[in-house]
Amino acid sequence: MAVKWKTVNGQGALDSYWPGKASERKEGMSTSGVFEGTRDVTRPDGTQDKLYILRGEKGESVGVNNSAGIERAMEMIPEKSLVRITYLGKKVNPKTGRSFNDFQVDVADDSSSSDETEVPF
């Protein structure tokens, strides 16, 4: 019997990327899920970067694009934590005059009572 082989890339397909293209970003849009870790990626221009992988309420995997603000926050969040990331819009750094995408990163507080905040899953 002939064996059929298929290549496995080991990375696993992502269901979506967030926050998407700049033209699609709207202030206040957010994504949430259980933080599963990071994945190193090579961008089309050859640069190395990382994605933060969240598992959504319906089991979908979301690759969150890296930014300085997201990276600083995610370094302090342990895997398996429930995370919400919200796009706050374009801001200008007053020291450099350069614009950047601003994000807020929230993590579920395990010490909060269940009637304060309902976790979506």
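**Exercise 1.** Find the bridge partner of Lys90 in β6.

*Solution.* Start at Lys90. Its bridge partner in β6 is Asn101. Now widen the view: β5 and β6 pair in the antiparallel sense over nine bridges. Strands here are DSSP runs (E, at least two residues; helices are H or I, at least four), numbered from the N terminus. Two strands pair if DSSP finds at least two bridges between them.

This is a predicted model: local features need pLDDT of at least 70, side-chain atom pairs count only at pLDDT 80 or more, and totals for chains, interfaces and linings use all residues. Residues are numbered from 1 along each chain as its sequence is written, and side-chain values use heavy atoms, without hydrogens and water.

**Exercise 2.** Work out the strand order of the open sheet, then name its edge strands.

*Solution.* Six strands line up as β1-β4-β3-β2-β5-β6, with mixed pairing. Next, look for strands that pair on one side only: these are β1 (16–18) and β6 (99–107).

**Exercise 3.** Is Ser81 buried or exposed?

*Solution.* First locate Ser81: the loop between α1 (68–74) and β5 (82–92). Then apply the cut-offs: buried is under 20% relative accessible area, exposed over 50%, partly exposed in between (1.4 Å probe, protein chains only). Ser81 counts as buried because its relative accessibility is 15%. Last, check its contacts (heavy atoms within 4.5 Å). Leaving out residues up to four places away in sequence, Ser81 touches Gly33, Val34, Phe35 and Val107. Gly33 is 48 residues from Ser81 in sequence, yet their C-alpha atoms are 8.2 Å apart.
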